Amino acid sequence: MINGIINIYKEAGYTSHDVVARLRGIVKQKKIGHTGTLDPDAVGVLPVCFGNATKLCDMLTDKSKEYEACMLLGVTTDTLDMSGQILSENEVLVSEEAVREAVMSFVGGYDQIPPMYSALKVNGKKLYELAREGKEIERKARHVEIPSIEIVSVELPKVVFKVSCSKGTYIRSLCADIGDKLGCGAAMKSLKRTRVGSFKVEAALTLAQIEEAMAKSCIEDYVLASDEVFMDCLGAIVKPEFDKVLANGNKLIFPQLELEENRLVKDGEWIRVYNSQRIFSAVYVYEKAAGCLKPFKMFLT
């Protein structure tokens, strides 16, 4: 069984669930999960977790992301991208300077309303299911962080830009909001996700490449170990006599550990924990008030 993460390049036409289904067939393994939905027309980075690394799915979903988007000014659609039904078409009379100013005004973040055509659930039903039934419900705006935007090109009515953003940011909505600010409307024409956390598009593998790796029996060459996700956390090795404490998922105290660095550990800090054989086993969190480390995620095979 594969235990770890593979950086997959999702191609256009596949849903994220399609990718997982295909991978189950390719690697002959059921325990697989993806780390965040990409629209069928979108392409790019989709980290996929295998085996005990599926416990990472929600944690990787929370990672910051980067995209390259092409926005088409002067058109609005019901899905906020060009796959939907056109609602309006307007002449684009704004200047390049005004476009650049509008785009850059969203740096820092803002309160964004999620699109109706999205996988968000309301009362147990996905918004896109309601949208397909012709229903539109009120959605609460959610604050999203946008640390940076880089405008790649402006060839009106098309604008290409790169954006770094927090979890829960919809680039389709960002395009529509830029269009609203300019007064001409806008829809997303194309989208490529270029980074999720430390996973970059340059290292992503297509499904065809995964099939080839399986045929050559070298798939493990492309599997990232679960602990790689936590390499920015302090590491600790359990002393041999306390391996059982770790294996049972019990609390740990510092005298039971050998820390990679001799420094003060902060309250709430994550610790990457290995057994005495240096096998990655868990992520613990230090609770200063309790004077111990408590298990946060266990990765025992």
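R278 lies in the loop between strand 17 and strand 18 (280-287), where helices (H or I, at least four residues) and strands (E, at least two) are DSSP runs numbered from the N terminus. The structure is a predicted model, in which local features need pLDDT of at least 70 and side-chain atom pairs count only at pLDDT 80 or more, while totals for chains, interfaces and linings use all residues. Residues are numbered from 1 along each chain as its sequence is written, and side-chain values use heavy atoms, with hydrogens and water left out.

R278 is not a glycine, yet has a positive phi of about 60°. The residue is exposed, with a relative accessible area of 58%; buried means under 20% relative accessible area, exposed over 50%, and partly exposed in between (1.4 Å probe, protein chains only). A positive phi is also found at L80, a residue other than glycine, where the value is near 75°. L80 is placed in the loop between strand 5 (75-77) and strand 6 (86-89) and, at 19% relative accessibility, counts as buried. Most residues other than glycine have a negative phi, and most peptide bonds are trans. A cis peptide bond joins L156 and P157, with omega of about 15°.

P157 is in the loop between strand 11 and strand 12. These two strands are joined by a hairpin through two residues. Strand 11 (residues 148-155) pairs with strand 12 in the antiparallel sense over seven bridges, a pair of strands being defined by at least two DSSP bridges between them. Within this pairing, I149 stands opposite V163 of strand 12. Strand 12 also runs antiparallel to strand 4 (residues 65-73), to which eight bridges join it; here C70 stands opposite V160. Six of the eight residues of strand 12 (residues 158-165) are buried, so this strand is largely enclosed by the rest of the structure.

Strands 4, 11 and 12, together with helix 5 (171-182), are packed against by the buried residues of helix 3, contact meaning heavy atoms within 4.5 Å. In helix 3 (residues 96-104), the buried residues are V99, A102 and V103. They cover an arc of only 95° around the axis, which puts them on the same side of helix 3; the arc is that of the directions from the helix axis to the C-beta atoms. E97 and E101 are exposed on the other side of helix 3. An α-helix has 3.6 residues a turn, so residues three or four places apart point the same way.

Helix 6 (residues 207-215) has L207, I210 and A213 as its buried residues. They cover an arc of only 115° around the axis, which places them on the same side of helix 6. The cover over these buried residues includes strand 1 (4-10) and helix 1 (16-27).

A search of the whole structure finds eight aromatic pairs. F106 and Y110 form an edge-to-face pair, at 4.8 Å centre to centre and with 75° between the planes. Rings of Phe, Tyr and Trp (its six-membered ring) pair if their centres lie within 6.5 Å, and planes under 30 degrees apart count as stacked, over 60 as edge-to-face and the rest as tilted. F106 counts as buried at 8% relative accessibility, as does Y110 at 14%. The charged end of K181 sits over the ring of F106, 5.5 Å from its centre; this requires NZ of Lys or CZ of Arg within 6 Å of the ring centre and within 35 degrees of the ring normal. One aromatic cluster is formed by F230, W270, Y274, F280, F296 and F299.

R272 is found in strand 17 (residues 270-274) and is buried, with a relative accessible area of 2%. The side chains of R272 and Y274 are joined by a polar contact of 3.0 Å. The side chain of R272 also reaches the backbone oxygen of C233 at 2.8 Å. A polar contact is a pair of N or O atoms within 3.5 Å; within protein, one must be able to donate a hydrogen and the other to accept it, and residues adjacent in sequence count only if both atoms are side-chain atoms.
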